[in-house]
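Here are my notes on this chain, point by point. Please keep the model open as you read.

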Amino acid sequence: MVYQARTYSVLIVSASEQFNGAIAPLLPPTDYYPVRFVPSVAEAQRKLQDSETDLVIINAPLPDGAGTKLAIHACSGGSAAVLLLVKSEVYEEITEQMLPEGILTLSKPTNMQSVAQNLRVLRVIRERLRRMEERQDSIEKKIEEIRMVNRAKWVLIECLGMTEEESHRYIEKQAMDLRISKREIAENIIKTYKG
């Protein structure tokens, strides 16, 4: 499988114009789009609620909070990869708190090369999360199909007096003969007899 380039939506939460100006060149629109800047926890929470975000970078502290709760919220509320920049005095303590949450931390002051390296790590994390989401969606669809087929089997048992084995074979044979999924056969059975 060949890696396909993606663009990543980014939310920068920072009240520092100096930091915002320094990080902006690291986020070219060919790789990062849209890039949104907000100066506070409250505004960041609104943005996270309004739209899916791939990467969240929090330059703590913020005028209305330390940024740690926001980082946890960004991870738990969706599938964003999060980088939290904190003052060197609290770096060790915050890192220990954020590690179990899957949040990267970076000590300030820092240089933009370290931020750029962490951006690449965030992209790797986001891709892994994306693959996990796809697998989860696939599993959920399979579970839903199994539920639908089981429901249709019970309809056939109830309405046509088939055994469970006969109803199972009937659904499989119909799906093969008509070249459609067992789920579609099950939906048709349910509509026909329970519709």
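**Notes on the predicted model**

1. The chain has a radius of gyration of 25 Å, whereas a compact globule of 195 residues would have one near 16 Å. The radius is taken over C-alpha atoms, and the globule rule is 2.2 Å times the number of residues to the power 0.38. The C-alpha atoms fill a box of roughly 75 × 35 × 25 Å along the principal axes.

2. This is a predicted model: local features need pLDDT of at least 70, side-chain atom pairs count only at pLDDT 80 or more, and totals for chains, interfaces and linings use all residues. Residues are numbered from 1 along each chain as its sequence is written, and side-chain values use heavy atoms, leaving out hydrogens and water.

3. The chain has seven helices and five strands. These are DSSP runs numbered from the N terminus: helices are H or I, at least four residues, and strands are E, at least two. Along the sequence the pattern reads β-α-β-α-β-α-β-α-β-α-α-α.

4. R130 sits in helix α5, residues 112-160. R130 counts as buried because its relative accessibility is 14%. Buried means under 20% relative accessible area, exposed over 50%, and partly exposed in between (1.4 Å probe, protein chains only). Leaving aside residues up to four places away in sequence, R130 touches R6, Y8 and D54; contact means heavy atoms within 4.5 Å.

5. The disulfide count is zero, taking a disulfide as a pair of cysteine sulfur atoms within 2.5 Å. C75 is buried at 16% relative accessible area. C159 is partly exposed, at 34%.
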